[in-house]
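Below are a few friendly notes to read alongside the model.

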Amino acid sequence: MNETMVCTVGNVATRPVYRELANGASARFRLAVTSRYWDREKSAWTDGHTNFFTVWANRALATNVGASVSVGDPVIVQGRLKVRTEQRDGQSWTSADIDAVAIGHDLSRGTSAFRRPSKEGDATAAARAEPSWETEPDSQPETPSQQRPEPAGVT
């Protein structure tokens, strides 16, 4: 399949609009992507041009976007780029849309708490105990002869 897949990093510019349609849920929002560059004359980072994309999500992704994404959130969007040109009132308009495959918060700029959506009637997920990842309190530290050598750092 010849499609243009893109991965964009930006901020949510508009409140996501969520709709239940006959063929499943749909959500859309505008994504602002601003390039940054180092200005040697000012010795500082400078904002460049801002591109705006309309991001479309469908089905389960749309439901999760509606519950998780807010204006101003830094997000990463992966999907199919669709550039459209149309005539309106005698003028040519061009828009860039992303048909999203995956959307997530940009964790380099903040934290997020992931929650799986609950499935109706799924009692096994609630009954399953959380595994203990803690080290046993009575375990002794390894002696130097039992420790594995760590790889040397590459510089």
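**Notes on strands and rings**

1. Strand β5 (residues 74–88) and β6 run antiparallel and are joined by 14 bridges. Strands pair here if DSSP finds at least two bridges between them, and strands themselves are DSSP runs (E, at least two residues), numbered from the N terminus. One place to look is Gln 78, whose bridge partner in β6 is Ala 102.

2. A word on the source: this is a predicted model, where local features need pLDDT of at least 70, side-chain atom pairs count only at pLDDT 80 or more, and totals for chains, interfaces and linings use all residues. Residues are numbered from 1 along each chain as its sequence is written, and side-chain values use heavy atoms, leaving out hydrogens and water.

3. β5 and β6 form a hairpin with 2 residues between them. In the turn, Asp 89 has a positive phi of about 55°.

4. β6 (residues 91–105) also pairs with strand β4 (residues 44–58), in the parallel sense over 3 bridges. Thr 54 has Asp 97 as its bridge partner in β6.

5. Arg 88 lies over the face of Trp 93, 5.1 Å from the ring centre. The criterion is CZ of Arg (or NZ of Lys) within 6 Å of the ring centre and within 35 degrees of the ring normal.

6. How many aromatic pairs does a search of the whole structure find? It finds 1. The ring centres of Trp 38 and Trp 45 are 5.6 Å apart and their planes lie at 75°, so the pair is edge-to-face. Rings of Phe, Tyr and Trp (its six-membered ring) pair if their centres lie within 6.5 Å; planes under 30 degrees apart are stacked, over 60 edge-to-face, the rest tilted.

Methods:
Helices (H or I, at least four residues) and strands (E, at least two) are DSSP runs, numbered from the N terminus.
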